[in-house]
Amino acid sequence: MNNEIINALLTRRSVRSYKPQQVTDDELRTVLETGTYAPTSMGRQDPWIVAVQNAGLRQELTEMNAKVMGVDSDPYYGAPTIVLVFATKGARNAVQDASLALGNMMNAAHAIGLGSCWINRELEMFDTPLGRSIMQRLGLPEGLTCVGALSLGYIDKQPAAPKPRKANYYRVVK
Ligand SMILES: Cc1cc2nc3c(=O)[nH]c(=O)nc-3n(C[C@H](O)[C@H](O)[C@H](O)COP(=O)(O)O)c2cc1C
């Protein structure tokens, strides 16, 4: 089917190499706005979305994430923007709500020509005294967990073609 949205959904890939140049405020707002329109359980709008462009804080997040991962490399691949998505700790649909916001934003980023990649380990990073102090600094309420993050920026190296989809990925029962 020839449809712009379907085409964007089918062609988004995880980007792991970014240019240092920052995305424009307009581009960032566009991406973040799509996160806020993802469906949420009972329409509660539980997720809290924080886009980090501050160099000092990005460095802190990079070090925290690398520590959890046990590596020296940058888990955010040098992306100039890191988008964190928090939700209420222990809420029945915290992960579902936040994941849909993350998904919307990845697809929106791709649709406007930006690269993004879901980056893990935020759960562990923010379940520490340093993580909690950062949440305070960000002005977030108590009792949140960080479900995931996105690296976001202009694409430096195009990602490889997608792997073929597994056999019987979906089936139709009529
Ligand atoms: C829950 C989740 C966690 C992920 N964590 C990471 C990560 O920490 N680092 C990374 O490079 N990619 C991460 N990814 C991206 C996946 O590796 C990627 O989506 C997958 O390989 C398929 O590639 P594609 O996104 O290009 O289709 C994550 C994806 C999901 C959904």
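Q: Which strands and helices do the buried residues of helix 3 pack against?
A: This is a predicted model, and in it the buried residues of helix 3 pack against strand 1 (48-52), strand 2 (81-88), strand 3 (115-119), helix 5 (122-125) and helix 6 (129-137). The buried residues themselves are Leu-57, Leu-61, Thr-62, Met-64, Asn-65 and Ala-66.

Q: How do you know that the length of helix 3 agrees with what a helix should span?
A: Helix 3 has 15 residues, 55-69, and at 1.5 Å a residue they should span 21 Å. The end C-alpha atoms are 21 Å apart, so the two values agree.

Q: What is found at the start of helix 3, and what follows helix 3?
A: At the start, a side-chain oxygen of Asn-54 comes to within 3.0 Å of the backbone nitrogen of Gly-56. Helix 3 is followed by Gly-70, which has a positive phi near 75°.

Q: Why is Ala-109 called buried?
A: Buried means under 20% relative accessible area. Ala-109 has a relative accessible area of 0%, so the word buried applies. Ala-109 sits in helix 4 (residues 94-111). Leaving aside neighbours within four places in sequence, Ala-109 touches Val-31, Leu-114, Ser-116 and Leu-152.

Q: Why is Met-42 called exposed?
A: Exposed means over 50%. Met-42 has a relative accessible area of 70%, so Met-42 counts as exposed. You can find Met-42 in the loop between helix 2 (25-36) and strand 1.

Q: What makes the phi of Met-42 worth a look?
A: Most residues other than glycine have a negative phi. Met-42 is not a glycine, yet its phi is positive, about 55°. Arg-121, in the loop between strand 3 and helix 5, is also not a glycine and has a positive phi near 85°.

Q: Which classes of residue make up the shell around the ligand?
A: The shell has four nonpolar, two polar and four charged residues. Among the residues around the ligand are Tyr-77, Ser-14 and Arg-16.

Conventions. Residues are numbered from 1 along each chain as its sequence is written. This is a predicted model: local features need pLDDT of at least 70, side-chain atom pairs count only at pLDDT 80 or more; totals for chains, interfaces and linings use all residues. Side-chain values use heavy atoms; hydrogens and water are left out. Helices (H or I, at least four residues) and strands (E, at least two) are DSSP runs, numbered from the N terminus. The expected span of a helix is 1.5 Å times one less than its number of residues. Buried means under 20% relative accessible area, exposed over 50%, partly exposed in between (1.4 Å probe, protein chains only). Contact means heavy atoms within 4.5 Å. A polar contact is a pair of N or O atoms within 3.5 Å; within protein, one must be able to donate a hydrogen and the other to accept it, and residues adjacent in sequence count only if both atoms are side-chain atoms. A residue is near a molecule or strand if one of its heavy atoms lies within 4 Å of it. Ala, Val, Leu, Ile, Met, Phe, Trp, Tyr, Cys and Pro count as nonpolar, Asp, Glu, Lys and Arg as charged, and the others, Gly among them, as polar.
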